[in-house]
Amino acid sequence: MVRHGQFEMNEVVATANANVALAKYWGKRDQALNLPYTGSLSITLAGLTTTARVSFSGRLSADQITLNGQEAVAIEAQRFRAFLSLVRRTAQIDAKAEVAISGNFPVAAGLASSASTFAALALAASHAAGLSLSTRELSLLARRGSGSAARSIDGGYVEWLAGEAADGSDSFAVQVAPADHWPLGVVVAITDESRKRLGSREAMARAAKHSPFFPAWLQSHDADLDEIRQGIRDRDLTRVGQAAEHNCLKMHAVCMAARPSILYWTPATVAVIQRVIELRHAGIDVYFTIDAGPQLKLLCLPQQRGALAEEIGRVPGVRKVLLSAPGCGAQVVEAA
Ligand code: DP6
C-alpha cells in the first residue's frame, strides 16, 4: 500500500566515492536496466567524493534537484526523477523529494561522476524513504541510476558481476578485497575540465552497435578480468597494470572504430601515455587507464605517488593532478 499524505521524512546525507575501472563496463545487454554484457572491476577512489542530501516531503508538488547548487534540467533532471520514482515504488511512498548533490571533482569529464552520484543518491534516498537496504540491494539500486555506480557502493577493489537474469537480479557488485588489502597509489591527470561532448551512455550504445571490434571486445574481456582479479589478490602491480592498460586500449580502439567514430583523447592524453611509457623504461612501475573522457588515472606503488604526480604535472596540457588511493564505500554521514 502506498503511504500518501502530508508527512515529512527526515533528511539524510550520504557520500560515495568515484571509481576507476581496471576491467571496463562497455556495452549493455539491456539499456533500460543497465545490464552489462560483461563483468567489470574497479578501485573505489578515496577523496573523489560526491555528497547527496535527500528529504521526502508530502508538501512538495515536484522533485527539486540541484547539482553543485544549480537546478538540474532536461535529460539530467529526468534521469534523477526516474531514479527517485524507483525509490518511491520500492518504499511505497508517493512524496516528492528535495535533493542536493555536490561533488569535489570535475563532473561528467570522464571521472566517473555518475558512479559516485548515483551511489550516494541510492544510499541517501533509500534511507530517507525509510528503507534499510543491504549492500547488495544498494548496488542493484545504484546500478539502475548508472551502471558503474553499482561498484561505488563498496570500498576497495570491487567487481560488478554481469549476471544472466533478464530482470537484473544477479547483476550487482561485490568486494574482491578491502582497501587495506593493497594500498596502491593512484594519480589522476586532468587534461580538460569541460563537459564531455558524448556521454558514456550514448557512446557505449554506438560502440556496441556500430564498431566491428565490439565482438572481439566481448570475446577477450573475461581473460582481462581474471588476470586483474588474480593480480589484485596477489598484490602484483605489473600484472594488474599490464592487463588494465590492455583493457583500456581495447575499449578505446572499439570506440575509434565505431561509425561515426568516438575519440575521447586530446593531445595531452597522448602526451601522458607517452610519459608513462618513458617512466616505465626508466624502471618505474606505473600504468595508465582512461575512461570515457580525456583524463587519465595512473596506478603506482604508494611510495612513488608524490614523485609521479610531480612528473605528470609537468607534461604539457595537464591542468591538474589529483592524488588518490583505494577508498571506502558509500556512507550515511548525517541522518536527522
Ligand atoms: C568508461 O556507468 O557512466 O567509465 O550505465 O549508461 O550510466 P551508464 O554508463 P556509465 O559508464 C561507465 C563507463 C566507463 C567504464 C566503467 O566505469 O566501467
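How many of the 16 residues of α2 are buried? In this predicted model, the count is 14 of the 16, so helix α2 is largely enclosed by the rest of the structure. From its first C-alpha to its last, α2 reaches 22 Å, close to the 22 Å expected at 1.5 Å a residue. The helix is followed by G130, a residue whose phi is positive, near 90°.

The ligand site was examined next. A total of 18 residues surround the ligand, and the closest are Y25, K28, S146, G147 and S148. By class, this shell is made up of six nonpolar, six polar and six charged residues. The element that gives the most to the shell is helix α5, spanning residues 200-210, with three residues. In the side chain of R201, an N or O atom is 2.7 Å from a ligand oxygen. For R151, a polar side-chain atom lies 2.8 Å from an oxygen atom of the ligand, and for S114 the corresponding distance is 3.3 Å. Taken alone, the ligand exposes 460 Å², of which the protein buries 96%.

Aromatic contacts were then considered. A pair of aromatic rings is described by the distance of the centres and the angle of the planes. Five aromatic pairs are found in a search of the whole structure. One of them is formed by Y25 and W160, with an edge-to-face arrangement, 4.6 Å centre to centre and 65° between the planes. Y25 lies in the loop between β1 (12-23) and β2 (28-30), whereas W160 belongs to strand β8 (residues 157-160), so the pair ties together parts that are 135 residues apart in sequence. Both partners fall below the 20% cut-off for burial: Y25 counts as buried at 9% relative accessibility, and W160 counts as buried at 0%. Y25 is also among the residues closest to the ligand.

A further aromatic pair, F80 with F118, is stacked, with 5.2 Å centre to centre and 20° between the planes. This pair links distant parts of the chain, with F80 in helix α1 (residues 74-91) and F118 in helix α2 (residues 113-128), 38 residues apart.

A cis peptide bond, with omega of about -5°, joins R259 and P260. P260 is found in the loop between α7 (237-256) and α8 (267-281). Positive phi values occur at residues other than glycine as well. Q92 is not a glycine, yet its phi is positive at about 55°. This residue lies in the loop between α1 and β7 (96-103), and at 38% relative accessibility Q92 counts as partly exposed. R235, also not a glycine, has a positive phi of about 50°. The position of R235 is in the loop between α6 (214-233) and α7, and its relative accessible area of 46% makes R235 partly exposed.

The side chain of E245 takes part in a polar contact of 2.6 Å with the side chain of R280.

Note on methods: Residues numbered from 1 in each chain as written. Predicted model: local features only at pLDDT ≥ 70, side-chain atom pairs only at ≥ 80, totals over all residues. Heavy atoms only, no water. Near = heavy atom within 4 Å. Polar contact = N/O pair within 3.5 Å; in protein donor to acceptor, adjacent residues only side chain to side chain. Areas by Shrake-Rupley, 256 points an atom, 1.4 Å probe, with all protein chains shown as cover. Helix = DSSP H or I, 4+ residues; strand = E, 2+ residues; numbered from the N terminus. Nonpolar A, V, L, I, M, F, W, Y, C, P; charged D, E, K, R; others polar. Phe/Tyr/Trp six-rings, centres within 6.5 Å; stacked < 30°, edge-to-face > 60°. Buried < 20%, exposed > 50% of the residue type's maximum accessible area, 1.4 Å probe, protein only. Expected span 1.5 Å × (residues − 1).
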